[in-house]
Amino acid sequence: MAYNLLKGKKGIIFGALDENSIAWKTALRCHEEGAQLVLTNAPVALRMGEINKLAEAVKAPVIGADVTNMDDLKKLFEESMKHFGGGIDFVLHSIGMSLNVRKGKSYTEIDYEWNKKTLDISAMSLHRVLRTAWDMDALNEGASVVALTYIAAQRVFPDYNEMADAKALLESVTRSFGYYYGVKKKVRVNTVSQSPTRTTAGSGVKGFDGFINYAEKMSPLGNASADECAGYCVTLFSDLTKMVTMQNLFHDGGFSFTGVTEPVINSMATK
Ligand SMILES: NC(=O)c1ccc[n+]([C@@H]2O[C@H](COP(=O)([O-])OP(=O)(O)OC[C@H]3O[C@@H](n4cnc5c(N)ncnc54)[C@H](O)[C@@H]3O)[C@@H](O)[C@H]2O)c1
């Protein structure tokens with residue numbers, strides 16, 4: 001069911017790789033709610049071609065940008081503003097990549113050059129996006145920026161590896177830039193801390209199957225799906241959440257505040 005929550009709003013969606021991506025589902029949901037969109041991803045991801053299906057479905061242009069490249073970001077915002085004929089009302093940052101995870105290096109043996117790249121792509125990229133918008137005055141008054149994160153920023157999940165540090169930095173950038181952009185233009189910046197979800201990035205984490213089943217058992221409402229995450233992002237892009245900023249918002253079926261559940265106790269019982 002659609003509520004027209006984003007009627008007249010214009011947004012940029014980063015990170016739709018394939019139909020499992022959280023960004024993909026969010027783009028579909030924003031379109032249903034009346035938003036106009038620009039889709040963007042790294043040039044290497046665009047070469048897969050999947051995104052063109054989404055572009056057709058949501059009637060949006062696709063503009064390539066590597067989030068670690070300031071020229072790409074400038075071009076993205078320039079072309080988006082030209083396409084919309086004005087400023088931008090919301091941005092979804094749905095980007096994550098760990099070189100050390102990909103190359104099978106454990107946390108205690110990470111390669112620091114790869115680590116720098118991971119932090120740049122997965123965390124400082126939010127600063128780069130906000131900084132580009134700031135310098136170009138690209139965001140409208142009261143605009144909303146949402147980035148996706150995971151609870152490994154607060155609690156240890158060993159196989160999440162260096163991405164835990166990346167998410168902690170991402171959440172810190174959210175608060176710090178959120179302060180400045182709030183004062184300057186009432187722009188809101190928040191992170192959504194999502195349940196484990198079967199996507200390309202998610203499934204890259206070692207032992208993901210055990211991990212997602214455990215989270216399901218530890219969440220009173222069960223794991224939140226990518227579709228449900230999309231719905232939550234829509235509320236954050238809407239005018240109904242105008243006064244919410246600099247927050248890390250858990251969208252995890254209650255996992256973050258649950259000590260233990262009966263199914264987990266039962267699975268541990270010796271008799
Ligand atoms: N899947 C999960 O379990 C889960 C849980 C919590 C949070 N998240 C977060 O959600 C976000 C989206 O991930 P997803 O699970 O939908 O997986 P995904 O693999 O579909 O999306 C990750 C995206 O990052 C993009 N990306 C990587 N490097 C880039 C670069 N240099 N420039 C621009 N884009 C680049 C990829 O092309 C891809 O589209 C990530 O921040 C992820 O950490 C995922």
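## A term to begin with

A residue is called buried here if 20 or more other C-beta atoms lie within 10 Å of its own, exposed if 12 or fewer, and partly exposed in between, with the C-beta atoms placed from the backbone. Please keep in mind that this is a predicted model.

## The chain as a whole

The chain has 11 helices and six strands. Its radius of gyration is 18 Å, close to the 18 Å that the globule rule gives for 271 residues, so the chain is as compact as a globular protein of that length. Taken along the principal axes, the C-alpha atoms fill a box of roughly 65 × 45 × 40 Å.

Of the 271 residues, 44% count as buried. Among the contacts in the chain with a separation of 6 or more, 73% are between residues 24 or more positions apart.

Helix α4 covers residues 70-84, which makes 15 residues. From its first C-alpha to its last it reaches 21 Å, close to the 21 Å expected at 1.5 Å a residue.

Which residues of α4 are buried? They are Leu73, Leu76, Phe77 and Ser80. These residues cover an arc of only 90° around the axis, which puts them on the same side of α4. The face turned away from that buried side carries the exposed residues Asp71 and Lys82. As for packing partners, the buried residues of α4 pack against the strands β1 (10-14), β2 (36-40) and β3 (88-93), and against helix α6 (112-136). Glycine 85 follows α4, and its phi is positive, near 70°.

## Helix α10 and serine 238

Now to α10 (226-237). The buried residues of α10 are Ala226, Cys229, Ala230, Cys233, Val234, Leu236 and Phe237. They cover an arc of only 160° around the axis, which puts them on the same side of α10. Their packing partners are the strands β1, β3, β4, β5 (188-194) and β6, together with helix α1.

Serine 238 sits in the loop between α10 and β6 (248-251). Is serine 238 buried or exposed? It counts as buried, because 20 C-beta neighbours lie inside 10 Å. Leaving aside neighbours within four places in sequence, serine 238 is in contact with Leu5 and Leu6. Serine 238 and lysine 9 are 229 residues apart along the chain, yet their C-alpha atoms are separated by 8.6 Å.

## Positive phi outside glycine

Asparagine 4 has a positive phi of about 60° although it is not a glycine. This residue lies in the segment before β1 and counts as exposed, with 11 C-beta neighbours inside 10 Å.

Lysine 59 is another residue other than glycine with a positive phi, here near 50°. Lysine 59 lies in the loop between α3 (51-58) and α4, and it is exposed, with 9 other C-beta atoms within 10 Å.

## Around the ligand

Which residues come nearest to the ligand? Of the 26 residues around the ligand, they are Ser21, Gly96, Thr199, Ala201 and Gly202. The elements that give two or more residues to this shell are α1 (22-32), β4 (139-149) and α8 (200-203). Of the elements, α8 gives the most, with three residues. By class, the shell has 13 nonpolar, 12 polar and one charged residues.

Glycine 204 lies in the loop between α8 and α9 (208-217). With 15 C-beta neighbours inside 10 Å, glycine 204 counts as partly exposed. Apart from neighbours within four places in sequence, glycine 204 is in contact with Val101 and Arg102. The C-alpha atoms of glycine 204 and aspartate 252, which are 48 residues apart along the chain, are separated by 19 Å.

Key: Residues are numbered from 1 along each chain as its sequence is written. This is a predicted model: local features need pLDDT of at least 70, side-chain atom pairs count only at pLDDT 80 or more; totals for chains, interfaces and linings use all residues. A residue is near a molecule or strand if its C-beta atom, placed from the backbone, lies within 6 Å of it. Helices (H or I, at least four residues) and strands (E, at least two) are DSSP runs, numbered from the N terminus. Ala, Val, Leu, Ile, Met, Phe, Trp, Tyr, Cys and Pro count as nonpolar, Asp, Glu, Lys and Arg as charged, and the others, Gly among them, as polar. The radius of gyration is taken over C-alpha atoms; the globule rule is 2.2 Å times the number of residues to the power 0.38. Two residues are in contact if their C-beta atoms, placed from the backbone, lie within 7 Å. The expected span of a helix is 1.5 Å times one less than its number of residues. The arc is that of the directions from the helix axis to the C-beta atoms.
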